[in-house]
Amino acid sequence: IKVDPVEGQAVYHWMTRTVNGERLLDDVAKETLRKQIWQIADYCGLGIITYATMSNHFHVLIRVPQKPPLTDTELIRRYRVLYPKPTKYQTARFEVIQSQLKSHHPEAQAWRDRQLAMMGDLSPFMKLVKQRFSVWFNRTHQRYGTLWAERFKSVLVEAKVGVMRTMAAYIDLNAVRAGFVDDPKDYRFCGYAEAVAGRKSAQDGIVQLVEGGRAHDWKWTQSAYRETLFGKGSAPRENKSRIDAAAFEKVIKSNG
């Protein structure tokens with residue numbers, strides 16, 4: 001189920017796995033995928049609420065806003081986001097595009113249409129993430145062929161704070177359930193850990209999960225979110241208890 005972005009915003013939980021579920025993603029690959037998720041979300045104009053990259057799959061809880069009108073200046077900014085270290089050819093291409101836009105060249109509208117078709121929509125976002133990461137991974141590991149087992153799984157999430165918070169905690173606790181860490185703040189490849197490390201965009205995602213979060217500082221918001229993660233604000237319980245799995249299943253089924 002997908003909401004037309006022209007009609008309104010929506011929140012989705014999506015997940016995809018590597019081919020045969022093989023544990024192909026080491027820390028270097030996870031770091032590359034983490035960067036690409038943020039980069040392409042910026043290009044597409046989507047909001048990452050939280051995410052988790054694991055060795056054979058990754059999750060993202062994402063907000064797709066209602067499509068706004070975009071200026072040529074914003075289109076150029078987003079286009080540049082995809083090429084943080086442009087080659088000479090790419091730099092020259094930027095200059096050509098800007099010149100065509102200013103002169104109202106016939107190719108300018110075609111370029112606008114191509115960019116807009118990739119923005120404000122979940123499917124093009126996923127396509128870009130998986131394609132660009134696959135190219136990097138295969139080139140880096142001297143392999144070829146498919147990297148992903150399937151297209152992707154997407155679940156429309158009810159955009160209520162409590163529902164989104166439970167889903168986000170399910171995602172952030174992936175590494176805890178896998179036994180990698182006792183606290184998700186110690187697993188650098190998830191949204192909560194990035195927020196704790198001080199990334200403003202990651203903190204903004206967590207703020208959306210807490211009632212009144214925007215009216216308080218990050219420390220207060222973090223403590224409130226940890227009550228969902230561990231049942232208390234400052235640290236995990238001594239017995240390292242997790243969110244009740246049955247509660248997760250109830251939320252997931254109600255949204256799927």
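Colleague: Which residues form the one aromatic cluster?
Modeller: This is a predicted model, in which local features need pLDDT of at least 70 and side-chain atom pairs count only at pLDDT 80 or more, while totals for chains, interfaces and linings use all residues. Residues are numbered from 1 along each chain as its sequence is written, and side-chain values use heavy atoms, with hydrogens and water left out. Rings of Phe, Tyr and Trp (its six-membered ring) pair if their centres lie within 6.5 Å, and planes under 30 degrees apart count as stacked, over 60 as edge-to-face and the rest as tilted. One cluster is formed by W14, F58, F125, F133, W136, F137 and W148.

Colleague: What is the geometry of the pair F58 and W148?
Modeller: The structure holds 15 aromatic pairs. For F58 and W148, the ring centres are 5.5 Å apart and the planes stand at 65°, so this pair is edge-to-face.

Colleague: Is W148 buried or exposed?
Modeller: Buried means under 20% relative accessible area, exposed over 50%, and partly exposed in between (1.4 Å probe, protein chains only). F58 has 0% relative accessibility and therefore counts as buried. W148 has 8% relative accessibility, so W148 counts as buried.

Colleague: What is the angle between the planes of F133 and W148?
Modeller: F133 lies in helix α5, 15 residues from W148 in the loop between α5 and β4. F133 is buried, as is W148. Their aromatic pair is tilted, at 6.0 Å centre to centre, and the angle between the planes is 45°.

Colleague: Which ring has R199 over its face?
Modeller: A charge sits over a ring if NZ of Lys or CZ of Arg is within 6 Å of the ring centre and within 35 degrees of the ring normal. R132 lies over the face of Y83, 5.8 Å from the ring centre. At 4.3 Å from the ring centre, R199 lies over the face of W38.

Colleague: How many disulfides does the structure hold?
Modeller: C44 and C190 each count as buried because each has a relative accessibility of 1%. A disulfide is a pair of cysteine sulfur atoms within 2.5 Å. In the whole structure, the number of disulfides found is zero.

Technical notes. Helix = DSSP H or I, 4+ residues; strand = E, 2+ residues; numbered from the N terminus.
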